[in-house]
Structure formats: structure tokens, C-alpha cells
Amino acid sequence: MRYTILLQLTLPLLLIVLSSLPGHAHKVRIFAWEESGIINTEVKFSGGRPAKNAQISVTSIRDMKELLTGITDSNGMFSFPIPDTAKKNHYNLEISVNSGDGHKNSWLLNAADYLKITENTHQQQPAPSSPPSSPTSLQAAQQAPPEQQKSTLVVVDQEQLSQIIESALDKKLGPIKRSLAEQQEKKPSLQDIFGGIGYILGLAGIAAYFKSQKKR
Amino acid sequence: MHISEGVLSPSILIAGGAITCAGTAIGLKKLNYDKVMGVSLLTSTFFVASLIHVPLGPGSVHLVLGGLMGILLGWSCFPAILVALFLQTIFFQYGGLVVLGANTTIMALPAVICFYLFRTWFKENGRKRQVAAFSCGFLSIFLSSLLMALALSFTDKGFLQASQLIIAAHLPLMFIEGIITMFTVSFLAKVQPEFLQIKE
């Protein structure tokens, strides 16, 4: 056969491709997540390398106003505190990146994703020394004999406790939010690859059909 | 190598689309019955080559194989690259449908230029063909980078800055593609010389 050797040539290439599937081609990816009042943005090339010095711009979707811009650091990270106007107006934020070499992408951060937790951290600020004081106040609440004092202390404790849980959860959930955001990116699957090759073979069949009719 | 959607200005998009249309028309006209399967095989190769990732340089690059397409297919690399890029856009979300014409021009035009530059060298056996194959792989990526910088210079930063950035990012790829093209061509010359159209 004329093309058997060519097939033999492309087969190893295909095998290399399939064995190196976790590596993806050139495209810039961006994802953003909120962590205790700060929005973290991470920009990567699709191979997993961080995109350094990429331009980030944050715009509100409602009135397409640019709220702030920035440049990623050597790890492809850019962090910024939630802008006050965005907090006030419950903006949905579009965080877009331009890596300067023709690659552009954006990430949508809904107001619901970053506002709920921030409001709680806002409340936390009046009582900054909550973690160390809470165990003693809990004990005090249990030991205190006058009923009036006890009830007021318990109310404060619940509030503090919820704040402690809130901040601890925030810390623990940060990496999970990040990896969830990372996983939303669709990666090329085996199905896509074989589907594409199938389309190409189909097109070749169509082309061969028309060319063969001409030949007759 | 794939420019994303919303980066280029409309005039560049139209120019790229026009060149792609013309190139594809010529390519389809030159395509004859015997070449159809060869073209489709190389289209598949191009389609999956972008998944081979080269973790070198400041960014990250993937194989393009423009030079190999150019030598083996001539003008027919236009329809081949167009189809492969279209499928990559749909399946892998590389580039975009609106920038398809510009992206095809960026990758296929240098391939055709390389085909005409090195065509005569291919007919001679030995070292000259190897040098020509390496140059084809090398030069096609270099010219593609230049075209890409040119396209970006009308919209983004200046040409000099864009070209520096893009050529620096693709420099390792130029050597890798050169070597891959050289080995593929010398292998084909040994086992399947008629595929290189060097029988005459």
C-alpha cells in the first residue's frame, strides 16, 4: 500500500500525543476567587506555566466601567481588595487578561460569589481579638452565677463563635475555591481528539469523492 | 500561535480572511485525487500536533509543523490548516471563529513561502535536502511569528515590542520544528520518496 508507511509514521506521533495528554496547547487561562476580602486572580498558560507581566483589567458588567488594572507578578498572580464601588453596587465583575502576545481571556466573578463572606469579615473588625478571648469568655459564661450576666455573655459568644468559624472556613475554603475555579476550564479530551480526526477523515472522503468524479 | 478572539482589529480580520479564501481556493484547485489522502493525513497531524506541548522559553509553546505542511503539500496546506484550525477552535477552544482567517494566514502563508523557497533543494539528495528541511521548519515558525507580530502591532503595542515578545517565545520552537521536519523529511525520502514529489 502506498500510504501504509505514512500511517506507520503518524501512529507513533499519535501515541506520543495520547501519552502526553495532560499537557495542553497555547492559550491563556484566568481564574479568580475571593479570600477574606481580597480577590485573587491567577493567570496561566494552558501548559500550566504562570503568565508573568500580563495585563489584568477589572470591569463591572453592568455599566462596562473599568474599575482597576494591574499586572501579574512572577507567579502569574494578581490580588486586589474588593473595590468599594463594587461592594456598594453589587457589581458582577469581569476580570480579563491580555498577555500581550495575542492571547486574551476573561473570568466572570459574580457579586454573590464574593459579597456574602466579605460582609461577615466586615463585622469581624470591631472585635479583632476574638480568637484568644473566646475560650476564657466561654468558661466565664459557664461559671458566672448571676443569670443576667450569663445571658449577655452567651449572646456575645455566639457572635464571636460564628466569626471564628467564618474566618477559619474562609482560610480552609480558599484553596478549594481556587481548585474549583481552575477545574472549570475545559480541557481537550480523548473524545475531542478522535472526534476531530474523524471529521478530517470524513472531509477527505468528500474531497476524494468529488475529485474522483472529475477524474472520470 | 492561536490569536484569541477580540484582540485584532476588523481590517486585519478581513485581510486575513481574504488571504485565506484565496489560498484555500488555489489549494483546492491544485489538489488532485491522488493527493487527497495525504493532505488529510497531514491535516490530522497538524490537528493533534498542537497538543504536544514544549515547556521551554518564557511562555509555553506547542508544535505547529507549518514547515512540514508547506513542503509536503504546497498550496494545499491552506485548506488543510483551515480545516484543522476550525476543528481546534470547536473542540479545544483555541483561537476563535472570527479570527480563523487571520490565524490560518499566519500559519499557512509562511508554509507556502517556504515551499517555494526550498522546492529546488528538495530534488537533490543528501545534505542539501536536510538543510532545506531544517530551514523550512525553522523559517516557517519565524515568519509566522513575524506575521503574528505584524497583525498585533496594528491593535496592541508597537510592532517592535510585540515581535520581540513573540519571537523570543517561539525561538526554542523554531529549532525543535527544524529538527522534527529534518528527520521526517529524511525518513520520507528513504521510504516514500514519491510523497515528497521528488521522483522527477
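In this predicted model, the largest nonpolar core holds 69 residues, and B:L8 and B:F47 touch the most other members. A nonpolar core is a set of buried Ala, Val, Leu, Ile, Met, Phe, Trp, Tyr and Cys residues joined through side-chain atoms within 4.5 Å. Buried means under 20% relative accessible area, exposed over 50%, and partly exposed in between (1.4 Å probe, protein chains only). Two or more residues of this core come from each of α6 (190–215) of chain A and α1 (10–30), α2 (36–49), α3 (66–73), α4 (77–92), α5 (100–122), α6 (127–153) and α7 (159–191) of chain B. Helices (H or I, at least four residues) and strands (E, at least two) are DSSP runs, numbered from the N terminus. The largest share, ten residues, is supplied by α5(B). Another core, of 27 residues, lies apart from it and includes A:W33, A:A51, A:V58 and A:W107.

Residues are numbered from 1 along each chain as its sequence is written, chains are lettered from A and ligands numbered from 1 in the order in which they are written. Local features need pLDDT of at least 70, side-chain atom pairs count only at pLDDT 80 or more, totals for chains, interfaces and linings use all residues, and side-chain values use heavy atoms, with hydrogens and water left out.

B:F47 has partners in both chains. Contact means heavy atoms within 4.5 Å. Leaving aside neighbours within four places in sequence, B:F47 is in contact with A:D192, A:I193, A:G196, A:I197 and A:I200 in chain A, and with B:A84, B:L87, B:Q88, B:F91 and B:F92 in chain B.

Twelve aromatic pairs are found over all chains. Rings of Phe, Tyr and Trp (its six-membered ring) pair if their centres lie within 6.5 Å; planes under 30 degrees apart count as stacked, over 60 as edge-to-face and the rest as tilted. A:Y199 and B:F91 form a tilted pair, 6.0 Å centre to centre with 50 degrees between the planes. This pair crosses between chains, from helix α6 of chain A to helix α4 of chain B. A:Y199 counts as exposed because its relative accessibility is 52%. B:F91 is buried, at 15%. The pair A:Y209 and A:F210 is edge-to-face, at 5.4 Å and 75 degrees. A:Y209 is partly exposed at 47%, and A:F210 is partly exposed at 48%. Ring pairs also link A:Y199, B:F47, B:F91 and B:F92 into a cluster.

The largest pocket has a volume of about 370 Å³. On a 1 Å grid over the protein atoms alone, a pocket is an open set of points where a 1.4 Å probe fits, with protein on both sides within 12 Å along at least five of seven lines; lining residues have an atom within 4 Å of a point. Grid points are joined across faces, edges and corners, and a volume is the space filled by probe spheres set on the points. Of the 18 lining residues, A:L203, A:A207, B:L28, B:L31 and B:V83 are the closest to the pocket centre. α6(A) gives the most to the lining, with seven residues.

B:L100 is found in helix α5 of chain B. B:L100 is buried, with 12% relative accessible area. B:L100 and B:L85 are 15 residues apart in sequence and 7.1 Å apart in space, C-alpha to C-alpha.

Chain A has six helices and seven strands. Buried residues make up 38% of its 216 residues.
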